[in-house]
Each structure stands twice: as C-alpha cells, then as structure tokens.
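Let's take a walk through this structure, one spot at a time. Keep the picture open while you read.

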Amino acid sequence: MAFEIEVQAPSNIAFLKYWGKSDPLTQWPAGNSLSMTLKHAKTVTKASLSDTDKIFFEGIISSDRKIFQALDLLREQTGLKSRITIDTRNTFPKSCGIASSASGMAALSIASLACWTGSRSFEELEKKGFSKTKISHLARLCSGSAGRSLFGGYVEWLKGDTSEQQIIAPKFSADHWPLSNLILIVSNKEKEISSTQAHAAAWSSPLFRPRLAVLQERQSAMLDAIKEKNLEKLGPLLETEALEMHSIIMTASPSVSYLSEETLELVSWIRCERQKGSFKAWFTIDAGPNIHLISEPKDLPNLQASLSKAFPNLTMFQDEVGTGPQIRAL
Ligand code: PMV
C-alpha cells in the first residue's frame with residue numbers, strides 16, 4: 001500500500017507577539033516572541049506522494065496559492081523533489097475566525113517532510129536530518145508563528161544577532177502550568193489587510209521602535225511569571241502586549257484596525273468584572289478581533305457562566321495548553 005501519513009499540529013497563542021520583521025526574505029523577526037501551544041485548535045493534514053501537487057481542504061479541491069507556494073519553498077529549501085497530495089482540515093470551524101496559518105503551515109511542513117522522507121515518526125524524521133528544530137525553522141519560513149507550533153507548552157522564538165542565529169525552543173512544558181484559553185469569537189470576516197502587509201508596515205508606526213526597546217524586559221518578566229505560575233503578574237503583561245501591538249497596527253501607515261466594536265466592548269467588560277472580583281482572567285488578542293482569555297482551569301466555569309449571562313449570543317471555543325504535534329502512519 002502507498003505510504004500515507006497523518007499529522008496533527010496545534011495552533012498557538014502569542015503572549016509576547018511576533019510583530020514586524022527585520023528581514024522578510026529570511027523571516028527574521030524584529031523581536032523575540034513567546035507563545036502557548038494550544039491543545040484543541042489543530043490542523044489535521046494527510047499527505048501521500050503523487051504525480052502532481054494536489055490540495056484538498058475538507059475534502060474539496062483547493063487552489064490556495066499560499067499552500068502551493070509553501071510546498072515549493074519546502075522543496076527548494078530541502079532539495080526534496082516529489083509531488084504530493086495534501087488533504088487538510090481544521091478541528092475548529094473555518095468560520096470561527098481562529099487564525100489557522102500557525103497550525104496549517106506547521107502541519108503542512110511536518111506532513112510533507114515525513115512523506116518525502118518516508119518517515120513515520122519524529123524519531124525517524126530526525127534520523128533523516130529533520131529534527132523538530134530543523135522543521136520549526138522550515139515552518140517559520142512558510143508562516144512565522146508556525147515555527148512555534150512544533151513544540152508543546154510555552155515556546156520561545158529568539159531573534160538572535162543574525163537571521164541564522166534564530167532559536168525556536170520550548171521553555172516550559174505544558175504540565176508545568178496548565179493554563180486555559182477561552183476564545184471569544186467576535187467575527188469571521190476576511191481581513192481587509194493581510195497580516196503580511198501589516199507586518200511590513202510596523203516600522204512606520206512611531207510606537208514601533210519604543211516597543212523594541214522594552215521587549216526584552218517584558219519577555220523576562222513574562223518568563224518569571226510563568227516560572228512562578230503567577231497569573232496576577234502575567235495577566236497585565238499579556239494585556240499591555242496585545243494593546244501595544246494593536247496600537248502599532250493602528251498608528252502604522254497604512255493604518256489598520258483589526259479590533260471591532262464588539263472586541264472593545266468585551267475588553268471593557270472583562271476589565272470591569274475582573275476589578276469587581278468576578279473572575280481572574282486576562283485577555284490577549286492576535287491580528288484579528290477575537291479575544292483569547294487566559295485563566296487557571298478552576299476559574300473557567302465561573303468565567304464561562306458570567307460571559308454567557310452578559311453576552312448570550314457570544315460563541316466561545318475552549319482551549320488549553322497542549323503538548324505539541326503528532327505524526328501517525330496510516
Ligand atoms: O505568522 P504570521 O506572519 O501570520 O504573524 C502572526 C503574528 C501574530 O499572530 C499577531 C503574533 C504571533 O506572535 O503569533
């Protein structure tokens with residue numbers, strides 16, 4: 001029977017945001033980033049060799065240019081040449097607006113390399129010269145944040161002094177601190193400006209260079225908070241970080257706003273309720289309008305009940321820290 005592989009790769013939510021690039025060609029970020037790998041928001045990708053590249057999304061043939069370009073890039077970087085059939089789906093609904101590029105490009109990179117090298121596990125891939133670290137750097141070339149999805153727990157991406165010195169590595173395991181991430185789905189509209197364009201515009205914001213100057217300090221404070229499992233210390237850093245990234249996006253040229261009225265309403269409500277002592281949860285937001293609420297699992301029932309009462313029509317997706325990608329031979 002023909003060799004077929006299935007990969008499950010998780011999405012991740014950035015605590016310290018990757019925003020802006022020092023060099024778009026080598027995907028060299030302007031600053032370090034730090035994320036929590038998710039458990040339930042995943043891309044499941046099957047791959048098998050074929051005569052031409054074929055992509056299926058949820059069983060339907062797809063002409064998504066980004067995927068074809070990523071396959072070409074992976075072949076160019078590795079010297080592997082075979083064509084491939086990819087069949088991919090997300091465990092979260094497409095319409096829910098959760099960014100799928102991190103999990104999607106991580107799954108695509110792992111699945112195609114496993115298929116091209118006939119590997120059934122990460123151990124076999126490593127023996128053929130493709131360690132998780134190596135794959136994470138290939139995945140980040142397809143989409144920056146995808147590099148961090150190769151590992152479980154809390155993952156750092158360090159920019160290094162040159163593009164070649166970048167490091168992507170897990171810093172704390174998932175069982176060190178099992179945090180929850182309740183995703184509040186605000187909108188599923190297509191972005192008016194893609195995150196690639198917005199990344200490029202970051203340098204035009206007057207707030208971007210001051211951000212780079214404080215990033216290291218914020219990163220150390222976040223790492224200390226995670227080490228100490230101190231949410232009251234981590235939470236305010238998460239909110240500053242998300243609001244700073246969105247301030248940069250809004251003050252760049254072109255100026256874009258990924259936040260909707262509903263996002264801002266939820267942000268005010270969360271802060272007000274937290275101040276009243278209703279729950280201990282802090283938000284972060286990626287390049288879109290959805291809110292990711294970070295809390296301890298014990299606070300989750302109370303948090304969900306308060307949100308459902310105040311916003312009866314709100315769609316939520318419950319996630320938590322996860323252990324990273326998996327490979328299965330079919
Ligand atoms: O991976 P990209 O190029 O789509 O950039 C994503 C950047 C953020 O999600 C907003 C932040 C991050 O670090 O993941």
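## Around the ligand

Start at Ser145: an N or O atom in its side chain sits 2.7 Å from an oxygen atom of the ligand. That is a polar contact, meaning a pair of N or O atoms within 3.5 Å; within protein, one of the two must be able to donate a hydrogen and the other to accept it, and residues adjacent in sequence count only if both atoms are side-chain atoms. His199 also reaches an oxygen atom of the ligand, with a polar side-chain atom 3.0 Å away. Tyr18 uses its backbone instead: an N or O atom there lies 2.8 Å from a ligand oxygen atom.

How many residues surround the ligand? There are 14, and the closest are Tyr18, Ser145, Arg148, Ser195 and His199. To be counted as near, a residue needs a heavy atom within 4 Å of the molecule or strand in question.

## A word on the model

This is a predicted model, where local features need pLDDT of at least 70 and side-chain atom pairs count only at pLDDT 80 or more, while totals for chains, interfaces and linings use all residues. Residues are numbered from 1 along each chain as its sequence is written, and side-chain values use heavy atoms, with hydrogens and water left out.

Two packed helices are described by the angle between their axes and the distance between the axes. Helices here are DSSP runs of H or I with at least four residues, strands are runs of E with at least two, and both are numbered from the N terminus. Axes are lines fitted to C-alpha atoms, for helices over the stretch in contact, with angles from 0 to 180 degrees between N-to-C directions.

Helix 2 (residues 101-117) and helix 4 (residues 132-142) have axes that come within 9 Å and cross at roughly 130°. That angle makes helix 2 oblique to helix 4 (under 35 degrees is roughly parallel, over 145 roughly antiparallel, 65 to 115 roughly perpendicular, and the rest oblique). On the helix 2 side, Met105, Ala106, Ser109, Ile110 and Leu113 meet Ile135, Leu138, Ala139 and Cys142 of helix 4; contact means heavy atoms within 4.5 Å. Those residues divide into eight nonpolar, one polar and no charged. Here Ala, Val, Leu, Ile, Met, Phe, Trp, Tyr, Cys and Pro count as nonpolar, Asp, Glu, Lys and Arg as charged, and the others, Gly among them, as polar.

Helix 1 (residues 65-78) packs against helix 2 as well, at an angle of about 50° with the axes 11 Å apart. So helix 1 is oblique to helix 2. By class, the contact has eight nonpolar, three polar and two charged residues.

## Helix 6 meets helix 7

What is the angle between helix 6 (residues 208-228) and helix 7 (residues 231-251)? Their axes cross at roughly 155° and come within 9 Å. That makes helix 6 roughly antiparallel to helix 7. Among the residues that meet are Phe208 and Arg211 from helix 6, with Lys233 and Glu244 from helix 7. The contact divides into eleven nonpolar, one polar and seven charged residues.

Most residues other than glycine have a negative phi, and most peptide bonds are trans. Gln27 isn't a glycine, yet its phi is positive, about 50°. You'll find Gln27 in the loop between strand 2 (21-23) and strand 3 (28-29).

Now look at Ser253 to Pro254: that peptide bond is cis, with omega near 5°. Pro254 lies in the loop between helix 7 and helix 8 (261-276).

## Last stop: Gln8

Gln8 belongs to strand 1 (residues 4-16). Its side chain joins that of Lys42 through a polar contact of 2.7 Å. Leaving aside residues up to four places away in sequence, Gln8 touches Lys42, Thr43, Val44, Pro325 and Gln326.
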